[in-house]
Amino acid sequence: MPTQPKPATPAAITAALLIPIAVSSALAAAITALVRAVATVPSDFEPFKPSSYIALIVVGVVAGAVGWLAVRRRAANPLGVMRSLAPAVIALSFIPDVLVGVTKFEAGTTWAGVGGLMAMHLAVASCAVAAFTRFLPLAGQPQRREAHIQV
């Protein structure tokens with residue numbers, strides 16, 4: 001029987017939120033710069049503005065953490081659930097991007113911009129899952145040395 005992880009501490013939850021938000025924000029800035037360097041994305045494309053994507057990164061990471069903690073507490077096989085749930089949520093997160101591309105709802109929409117948004121989703125999900133795995137481990141997850149957060 002897999003050992004149950006220790007309850008999540010406030011320090012672990014804080015790290016699991018702040019680290020992926022900070023790293024994802026930096027990666028999103030890099031993605032927007034790279035996409036703009038190799039393709040035409042007008043400056044009025046709102047989703048490429050930090051005020052837009054950082055707010056959405058915060059919402060996404062917090063929502064992901066809430067889901068992660070719920071699965072961690074309630075699922076009989078949390079690792080198995082997350083192995084299915086995380087890719088499904090990422091795939092679903094592409095739907096609004098594709099809709100922006102199809103409808104051109106946002107001013108300055110290009111498919112390069114839409115591809116950049118999808119890359120941002122992958123970056124945020126990767127950072128969040130890595131942080132959650134490290135600071136909020138699931139039952140059945142291979143154990144690494146314990147993460148210590150000092151405040």
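Are W68 and F132 buried or exposed? Both W68 and F132 are buried, where buried means under 20% relative accessible area, exposed over 50%, and partly exposed in between, with a 1.4 Å probe and protein chains only. This is a predicted model, in which local features need pLDDT of at least 70 and side-chain atom pairs count only at pLDDT 80 or more, while totals for chains, interfaces and linings use all residues. Residues are numbered from 1 along each chain as its sequence is written, and side-chain values use heavy atoms, with hydrogens and water left out.

**Overall architecture**

- The protein has four helices and zero strands, and from the N terminus on its elements run α-α-α-α; helices (H or I, at least four residues) and strands (E, at least two) are DSSP runs, numbered from the N terminus.
- Taken along the principal axes, the C-alpha atoms of the protein fill a box of roughly 55 × 30 × 20 Å.
- Buried residues make up 35% of the 151 residues in the protein, and the accessible surface comes to about 8,800 Å², of which 70% belongs to carbon and sulfur atoms; the areas come from the Shrake-Rupley method with a 1.4 Å probe, and for residues only the protein chains shown count as cover.
- Among contacts (heavy atoms within 4.5 Å) between residues at least 6 apart in sequence, 75% join residues at least 24 apart.

**The largest pocket**

- The largest pocket has a volume of about 840 Å³, and of the 31 residues that line it, the closest to its centre are L56, G60, S93, H121 and V124.
- A pocket is an open set of points on a 1 Å grid over the protein atoms alone, where a 1.4 Å probe fits, with protein on both sides within 12 Å along at least five of seven lines, and lining residues have an atom within 4 Å of a point; grid points are joined across faces, edges and corners, and a volume is the space filled by probe spheres set on the points.
- Helix 2 (50-74), helix 3 (78-103) and helix 4 (111-135) are the elements that give two or more residues to this lining, and the largest share, 10 residues, comes from helix 2.
- By class, the lining has 22 nonpolar, six polar and three charged residues, with Ala, Val, Leu, Ile, Met, Phe, Trp, Tyr, Cys and Pro counted as nonpolar, Asp, Glu, Lys and Arg as charged, and the others, Gly among them, as polar.

**Aromatic pairing**

- The structure holds two aromatic pairs, one of which is formed by W68 and F132 and is tilted, at 5.5 Å centre to centre and 55° between the planes.
- W68 lies in helix 2 and F132 in helix 4, so this pair ties together parts that are 64 residues apart in sequence.
- Rings of Phe, Tyr and Trp (its six-membered ring) pair if their centres lie within 6.5 Å, and planes under 30 degrees apart count as stacked, over 60 as edge-to-face and the rest as tilted.

**Individual residues**

- H121 is placed in helix 4 and, at 26% relative accessibility, counts as partly exposed.
- K104, in the loop between helix 3 and helix 4, has a phi near 55°, a positive value in a residue other than glycine, and is partly exposed, with a relative accessible area of 43%.
- A76, in the loop between helix 2 and helix 3, is exposed, with a relative accessible area of 86%.
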